Amino acid sequence: MTKTCIACGMPMRVTEDYPLGNESKDYCAHCAREDGSMQSYAERAAGMASFIARTQGLDEGAALGAAKALMARLPAWAGRA
Ligand SMILES: [Zn+2]
């Protein structure tokens, strides 16, 4: 069963892609807290921004803007941005 994470858009193909291996969830392990619940908008934006800053060499402000632009297209955050 393959789903697309509602919070980051990543395809979830294997059990390990799901939070705590729970395939009933619509978000991936990267978008979950340690207890398996979904991260908040602010938590996800910060996580995505640090990933973008690291991989694309953007400064923090630019990375946060890019993260929010990406998130605006994802169902979990529709209407937030
Ligand atoms: Zn995700």
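Q: Is cysteine 28 buried or exposed?
A: The model is a predicted one. A residue counts as buried under 20% relative accessible area. Cysteine 28 has a relative accessibility of 0%, and its class is therefore buried.

Q: Which residues coordinate the zinc ion?
A: The coordinating atoms are SG atoms, placed at 2.3 Å from the zinc ion. In sequence the donor residues follow the spacing C-x2-C-x19-C-x2-C. The residues are Cys5, Cys8, Cys28 and Cys31.

Q: What arrangement do the four donor atoms form around the zinc ion?
A: Four donors count as tetrahedral if all angles lie between 85 and 135 degrees. Around the zinc ion the four donor atoms subtend angles of 106 to 117 degrees, so the arrangement is tetrahedral.

Q: How many residues apart in sequence are the parts that cysteine 8 and cysteine 28 tie together?
A: Both cysteines are donors to the zinc ion. Cysteine 8 belongs to the loop between strand E1 (3-4) and strand E2 (11-12), whereas cysteine 28 belongs to the loop between E2 and helix H1 (41-56). The pair therefore ties together parts whose separation in sequence is 20 residues.

Q: Which element gives the most residues to the largest nonpolar core?
A: This core has 18 residues, and those with the most contacts inside it are Cys5, Cys31, Met71 and Trp77. The elements that give it two or more residues are H1 and helix H2 (60-71). With five residues, the element that gives the most is H1.

Q: Which residue forms a salt bridge with aspartate 26?
A: Aspartate 26 is partly exposed, with a relative accessible area of 40%, and lies in the loop between E2 and H1. Its partner lies in strand E1, so the pair ties together parts 23 residues apart in sequence. The closest N and O atoms are 3.1 Å apart, and the partner is lysine 3.

Q: What is the N to O distance in the salt bridge of arginine 33 and glutamate 43?
A: The structure holds two salt bridges, and the side chains of arginine 33 and glutamate 43 form one of them. Arginine 33 is in the loop between E2 and H1 and glutamate 43 in helix H1, 10 residues apart. Arginine 33 is partly exposed at 36% relative accessibility, and glutamate 43 is partly exposed at 34%. The N to O distance is 2.9 Å.

Terms used: Residues numbered from 1 in each chain as written. Predicted model: local features only at pLDDT ≥ 70, side-chain atom pairs only at ≥ 80, totals over all residues. Heavy atoms only, no water. Donors = N, O, S within 2.8 Å, 3.2 Å for Na, K, Ca; no water. Tetrahedral: all angles 85-135°; square planar, octahedral: opposite > 155°, others 65-115°. Helix = DSSP H or I, 4+ residues; strand = E, 2+ residues; numbered from the N terminus. Buried < 20%, exposed > 50% of the residue type's maximum accessible area, 1.4 Å probe, protein only. Core = buried A, V, L, I, M, F, W, Y, C linked by side-chain atoms within 4.5 Å. Salt bridge = Lys/Arg side-chain N within 4 Å of Asp/Glu carboxyl O.
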